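Hi,

Here is the structure I promised to pass on.

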Amino acid sequence: MKIMVAIKRVVDYAVKIRVKSDRTGVETNNVKMSMNPFCEIALEEALRIKESGLASEVVAVSMGPAQCVDTLRTGLAMGADRGVHVEAAGQLYPLTVAKILKSLVEVEKPGLIILGKQAIDDDCNQTGQMVAGLLSWPQGTFASKVVLDKEKQLAMVEREVDGGLETLELDLPAVITTDLRLNQPRYATLPNIMKAKSKPIKKYTPQELNVDVKSDLEVIQVTEPPKRKAGVILSSVEELIDKLKNEARVI
Amino acid sequence: MCRESMAYDVVIVGAGPAGLSAAIRLKQLCREKNVDLSVCVVEKGAEVGAHIISGNVFEPRALNELLPQWKQEEAPIRVPVSSDKFWFLTKDRAFSLPSPFSNRGNYVISLSQLVRWLGGKAEELGVEIYPGFAASEILYDADNKVIGIGTNDMGIAKDGSKKENFQRGVELRGRITLLAEGCRGSLSEKLIKNFKLREKSHAQHQTYALGIKEVWEIDEGKHNPGEILHTLGWPLDQKTYGGSFLYHMNDRQIALGLVVALNYHNPFLNPYEEFQKFKHHPAIKPLLEGGTVVQYGARTLNEGGLQSIPYPVFPGGAIIGCAAGFLNVPKIKGTHTAMKSGMLAAEAGFGVLHEDLNMEIYWDTLRNSWVWQELQRARNYRPAFEYGLLPGLAICGLEHYILRGKSPYTLKHGKPDYEATDAARLHSPIEYPKPDGVLSFDVPTSLHRSNTNHEHDQPAHLRLRDPKIPELVNLPEYAGPESRYCPARVYEYVPDEKNQLKLQINAQNCLHCKACDIKDPKQNIEWTVPEGGGGPGYSVM
C-alpha cells in the first residue's frame with residue numbers, strides 16, 4: 001500500500017510574525033520557512049506505518065513556489081521515498097489544495113492519505129476534511145493514535161475531541177489528519193539528508209492536473225490584533241457597577 | 001552505539017563569512033586546476049545566516065577578490081555609505097566631532113543577508129552545507145592530529161535519558177578541518193588551549209566586547225539610506241569603553257546598537273539596559289518615534305587585534321575568521337578580514353591536499369597580506385583606552401594623525417575581561433529606568449524578536465564547572481553579574497523553598513553570544529553547543 005502525505009511550507013513556528021506595511025498579508029520576505037509541525041507528525045506516522053511493514057512506499061506532496069522543494073527534501077531526508085511538487089504561485093486555499101490532492105490521488109492511487117490537522121499560518125483545519133469529501137473517503141481527523149489492520153483493510157483512529165477520546169474504524173482508503181500527541185517526529189540525520197538529494201521529486205502544474213487555482217476567497221486586509229489595554233484596579237463593588245453601567249455600558 | 005562516519009577532503013565548522021569564503025575559494029581553486037575536493041560546511045543555526053549578526057558597514061575588499069561579479073550576481077549589497085557622522089554624547093546633548101573613519105566605497109548591509117547569499121554561491125559551486133547540525137566534538141587520531149569533528153547527539157532529555165527520537169551524532173572526517181565558529185568559538189577555544197596556540201605566537205589573551213543590536217523600521221521621512229552614525233560617551237562612563245552605532249539600510253530599516261567592552265569594572269553594569277537608555281537620548285529618540293522594532297540580537301566580538309591572535313594552524317587544520325580574531329577595532333570592521341583569512345586558509349589547504357605542502361603556509365600568507373598590514377596599523381587604538389577615555393582619545397589622535405601607522409611601540413592589553421570586574425562592595429547598584437514599551441523594552445519582549453528557540457527538553461548547554469560557585473562567589477562577591485550582562489536573561493537568581501537565592505539557568509533563552517563564557521569572574525560558566533537548529537533566528541541582522 002502507498003501512503004501519500006501532504007506537507008506545507010509555512011513560516012517557522014519560532015519566528016515572530018509581522019504584518020506587512022501594506023496590510024496585504026504577513027511578512028514572508030527574509031523570514032525562516034519550515035515544514036508545518038503537524039505535517040511533520042503526519043510524515044512521521046506514515047514512516048512508522050511503512051517501517052512496521054504495512055505500507056510499501058511513502059510519497060510526500062507539497063504545493064507552492066519553487067522553494068517547496070526544500071521542504072520536500074527535508075521530508076525525503078526524514079525517510080519519504082519520493083516527492084511530488086505542484087508548482088503554483090500565489091495563495092492556495094484549502095479547497096484548491098484539496099482538489100489538487102484529489103487529482104494526485106487519481107495518479108498515485110494511495111491507500112491512505114495523511115495530513116496535518118491544520119497549518120500554523122492560516123489555522124484553517126479544512127484541507128483534510130475537504131479531500132475526504134471530494135474523494136468520498138472516510139476521514140479520521142485530530143488523530144492521537146492510528147492502528148492499521150492490513151488484512152481487514154481498516155484503520156483504527158483514536159481522535160481527540162472536546163469530550164475526550166473517540167475511536168473510529170475507517171475502511172481503507174481513508175484520510176487521516178494528525179494532532180499533536182500522535183507522535184514525536186524524528187530528526188533528519190546528516191547521512192539521510194545526503195541520500196535525500198538523489199531521491200526523485202516529480203513536478204506538476206495545477207493545469208496539468210486539470211485544477212483551476214482561481215479562488216472564491218479574497219483577502220482584503222490583514223492587521224495586527226488591537227493592543228491589549230491595561231486593566232484598571234477598582235476600589236469597591238459600587239465603582240465596578242458604576243463603570244459597567246456608564247463606561248462599558250453592559251448593564 | 002557506534003557513530004556513522006562521513007569523509008570529506010575539507011570540513012568547515014561554521015557557515016559565516018570566513019567559513020563560506022574558505023569553501024568558495026577551495027572550489028574555485030578546484031575549477032582552476034581541474035581537480036575536485038569534497039567540501040562540507042556544518043552550521044549550528046537552523047539555516048545559513050540564522051546566527052549572523054553584525055553592525056554592518058561592509059568593506060568589499062575581500063569580496064572583490066573572491067567574487068568580483070558580486071554586483072551583477074545580485075549580492076544584497078545595495079546601499080553605499082552616503083554620510084559618516086561621529087558624535088560625543090552627554091546626557092542631554094550631542095557634540096559633532098570630525099569622523100575618524102573613511103567609509104567611502106563601503107556599504108551598509110545586513111550581514112545575515114549577505115551570508116545567505118554567500119551560502120547560495122557556495123552551494124552552486126558544489127559545497128555541501130548542513131545547517132541545523134552542531135559540531136560538538138573534535139576528533140583526533142592516535143598522534144593527536146585533528147581528523148574532523150563530531151556532531152551532537154540529538155534527542156536527549158533534560159535528565160540525560162534518550163528520548164523517542166534519539167539520534168546519534170555523526171563523525172565528519174576531514175583531511176583538513178577549518179574552524180570558523182566566530183568570536184569565542186567553543187571548539188576553537190578548546191583547540192587553542194590544547195595546542196597552546198597563544199603561547200606559540202606569543203600572543204596576549206583575547207579581549208572582547210558585547211554588541212547589542214536592534215533593527216527598526218522607521219518613518220519614510222526620517223530615513224536616509226547610507227547615513228551612518230557612531231557615538232562615544234553617554235550612556236557609558238569614562239572608565240567603560242564602548243559606543244553606539246546607527247546605520248540606515250534600505251526599505252526604511254535602520255540598524256542600531258550599543259557595543260560595551262567586557263573589561264568593564266562595575267558588576268552592576270547592565271549593557272542591555274544601557275542600550276535601552278541610549279535610545280531615549282534627545283538626539284536619537286526622534287528618529288525612532290513612530291517606528292517599530294523588526295529584530296533584536298546580541299553577540300560578543302573581538303577587540304584584541306594583532307596582539308591577541310593565536311597561532312592559527314594546528315595539526316590537521318586551521319582557525320579562520322573571528323574564532324582567531326582579525327577584527328579591526330578602530331575601523332569597527334571584521335567581516336572583510338575574516339573573509340580574507342578564510343580565503344588564505346583555503347589556498348594553503350588546497351596546497352596541502354593537492355601539492356603536499358604544509359598548512360603553516362597559511363600563517364605566512366596571513367602575515368604578508370593586507371589583513372596584517374591593517375591590523376598592524378590598528379593595534380594601539382584599543383589598548384590606549386586602558387589609560388581612560390580622554391587619554392585614550394588623545395593617543396588615538398596621535399596614532400591617526402601623526403604616527404599614521406609608524407608607531408614604534410605596541411601597547412598591551414590590561415587584565416583579561418573576567419578579571420576586570422570589581423567586587424560589588426566597591427560600587428553601588430545602578431537604577432535603570434523602566435522600559436516604556438515604545439522606545440525601550442524589557443528583555444522578554446526583545447528576546448521574542450530574536451526568534452530564539454531551543455528544544456526545551458534537552459540538557460542545559462551552559463555548564464557550571466563547579467555548581468557551588470554562583471552562590472558562594474558570584475552572588476556575594478560580585479552581586480551575580482551574569483544576571484545583568486546576559487542579553488537574554490538566561491541567568492536569574494531566584495529564591496528557593498528556603499528563601500535562599502539560587503542561580504536558575506534559562507538555557508532556552510540563549511542567544512549564543514558567549515558573554516558568559518567570557519565575563520564570568522571565576523570562568524566557571526562554560527558555553528557548550530546545544531542541539532543543532534536552536535538559538536536565534538536572525539534574518540536582517
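Keep in mind that this is a predicted model.

**Cis peptide bonds**

One is in chain A: the bond from A:Leu172 to A:Pro173 is cis, and its omega is near 0°. If you want to find A:Pro173 on screen, go to the loop that runs between strand 9 (164-171) and strand 10 (174-178) of chain A.

Chain B has a cis bond as well, this time joining B:Gly55 and B:Asn56, with omega at about 5°. Look for B:Asn56 in the loop between strand 2 (39-43) and strand 3 (57-58) of chain B.

**Positive phi**

Two residues in chain B are worth a click here. B:Glu74 is not a glycine, yet its phi is positive, near 60°. You will find B:Glu74 in the loop between helix 2 (61-66) and strand 4 (79-80) of chain B.

The other is B:Asn451, also a non-glycine residue with a positive phi, near 55°. B:Asn451 belongs to the loop between helix 12 (443-448) and strand 21 (462-464) of chain B.

So is each of these two side chains buried or exposed? B:Glu74 has a relative accessible area of 60%, so it counts as exposed, the cut-off for that being over 50%. B:Asn451 comes out at 9% relative accessibility and is therefore classed as buried, since buried means under 20%.

Cheers

Conventions
Residues numbered from 1 in each chain as written. Chains lettered and ligands numbered in written order. Predicted model: local features only at pLDDT ≥ 70, side-chain atom pairs only at ≥ 80, totals over all residues. Heavy atoms only, no water. Helix = DSSP H or I, 4+ residues; strand = E, 2+ residues; numbered from the N terminus. Buried < 20%, exposed > 50% of the residue type's maximum accessible area, 1.4 Å probe, protein only.
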